[in-house]
Amino acid sequence: MYKPGDVRVEERADPRIELPTDAVIRLSATCVCGSDLWPYRGVQPVTEPSPMGHEYVGVVEAVGGEVTSVRPGQFVVGSFWASDNTCEICRAGYQSACVHRVPMGMFGSQAEYLRVPLADGTLVATPEVPGAGLIPSYLAASDVLGTGWFAADAAQAGPGKTVAVVGDGAVGLLAVLAARQMGAERIIAMSRHADRQKLALEFGATDIVTERGDEGIAKIKELTNGLGAHSVVEAVGTQEAMRQAIRSARPGGHVGFVGVSHDVRLDGMEMFWSLVHLHGGPAPVRRYLPDLMHRIATGAVEPGKVFDLELPLDQAAEGYRAMDERRAIKALLHP
Ligand SMILES: [Zn+2]
């Protein structure tokens with residue numbers, strides 16, 4: 001990305017093994033993230049031409065001398081933070097805050113090849129190289145499924161719970177899928193786009209709310225005997241979405257927030273009286289990867305359905321445009 005709205009596909013040097021803990025993978029597929037739209041729209045500054053992308057699946061090409069858990073030829077999934085998976089924070093399940101974490105976005109996975117630091121801790125291999133039909137779902141596990149899953153988990157979705165989801169992007173839609181897998185009784189998707197509503201219902205939503213803001217909050221209350229939802233997922237990152245999420249939760253309820261926060265301010269007195277639990281942040285996708293990959297392999301979930309646009313890598317700019325203009329939920333790129 002050269003500047004907001006300016007995405008170009010160029011030749012760069014192939015990544016090489018630089019540290020004995022590295023792997024280099026050949027990407028099977030990559031994609032554009034909703035969070036890539038913040039710099040694309042100029043909300044986040046772009047100070048110099050930067051490689052883009054942090055979601056990836058692929059086949060291991062080479063590994064450094066200290067790598068023991070993956071080997072060349074294996075199909076692997078990783079997430080947007082490389083993590084050692086051994087430090088105290090990782091062992092507690094918060095690999096996205098690993099003391100040795102490395103942000104994968106700095107390497108740019110919207111590419112043909114990618115260097116992955118801390119390969120043993122970061123990458124999870126499948127038993128066999130999967131068929132082409134499963135690739136989009138594994139790619140979804142790399143970020144949007146894992147992030148939606150963390151949001152639903154942080155919101156304590158589960159049996160007997162009513163879950164409301166604010167945000168109908170790929171993460172919000174997959175939070176619906178996660179809540180369904182976790183056994184939630186009622187799942188309310190907040191969306192005003194027909195194609196996204198359809199996918200939400202396919203993923204397990206029981207109700208659709210098209211209202212936003214105060215009207216949206218009132219609608220959630222109306223559907224929950226005036227109490228609010230037990231669990232609310234916030235998957236946008238704006239003040240309006242965060243406010244809507246907190247006010248849609250009942251006292252004692254949980255809000256899982258995973259939208260990258262932009263200028264969100266919380267009112268202390270409102271938080272005090274709300275009696276709501278807040279938990280969120282960059283999802284520790286690595287915690288969930290083995291379980292999610294198993295569910296994909298067995299056909300229990302098909303999160304790859306969020307990709308409604310597939311393009312060759314050299315048309316990446318069109319993928320950004322389509323998502324920016326909301327013509328596409330999520331664009332998959334074929335390297
Ligand atoms: Zn760690």
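## Getting started

A residue is called buried if 20 or more other C-beta atoms lie within 10 Å of its own, exposed if 12 or fewer do, and partly exposed in between, with the C-beta atoms placed from the backbone. Helices (H or I, at least four residues) and strands (E, at least two) are DSSP runs, numbered from the N terminus.

You're looking at a predicted model, where local features need pLDDT of at least 70, side-chain atom pairs count only at pLDDT 80 or more, and totals for chains, interfaces and linings use all residues. Residues are numbered from 1 along each chain as its sequence is written.

## A strand covered on both faces

Strand E2 (residues 56-63) runs antiparallel to E3, joined by four bridges; Tyr56 has Gly78 of E3 as its bridge partner.

## Two domains

Zooming out, the chain splits into domain 1 (23-143 + 284-334) and domain 2 (146-280), with bounds taken from an automatic or database domain assignment. Their C-alpha centres lie 25 Å apart.

How many residues of domain 1 are in contact with domain 2? There are 19, and they meet 15 residues of domain 2; contact here means that the C-beta atoms of two residues, placed from the backbone, lie within 7 Å. On the domain 1 side, helix H4 (135-142) and helix H11 (285-297) each supply at least two of the touching residues. H11 gives the most, with four residues.

## The six-stranded sheet

Next up is an open sheet of six strands, in the order E10-E9-E8-E11-E12-E13, with parallel pairing. Strand E10 (207-209) and strand E13 (277-280) are the edges, each pairing on one side only. Neighbouring strands in this sheet are turned by 20 degrees against each other on average, direction ignored. For angles like this, axes are lines fitted to C-alpha atoms (for helices, over the stretch in contact), and values run from 0 to 180 degrees between N-to-C directions.

Helix H5 (residues 144-154) packs on the sheet, touching strand E8 (162-166), strand E11 (229-234), strand E12 (249-257) and E13. The direction of H5 makes about 160 degrees with that of E12. E12 is mostly covered, since seven of its nine residues are buried. E11 and E12 pair over five bridges, and Ala249 in E12 is the bridge partner of Ala229.

Most residues other than glycine have a negative phi. Asn225, in the loop between helix H8 (213-223) and E11, has a positive one, near 55 degrees. Is Asn225 buried or exposed? Asn225 counts as exposed because it has 9 C-beta neighbours inside 10 Å.

Arg326 also has a positive phi, near 55 degrees. Arg326 is found in the loop between helix H12 (316-324) and strand E15 (331-334). With 13 other C-beta atoms within 10 Å, Arg326 is partly exposed.

Methods. Two strands pair if DSSP finds at least two bridges between them.
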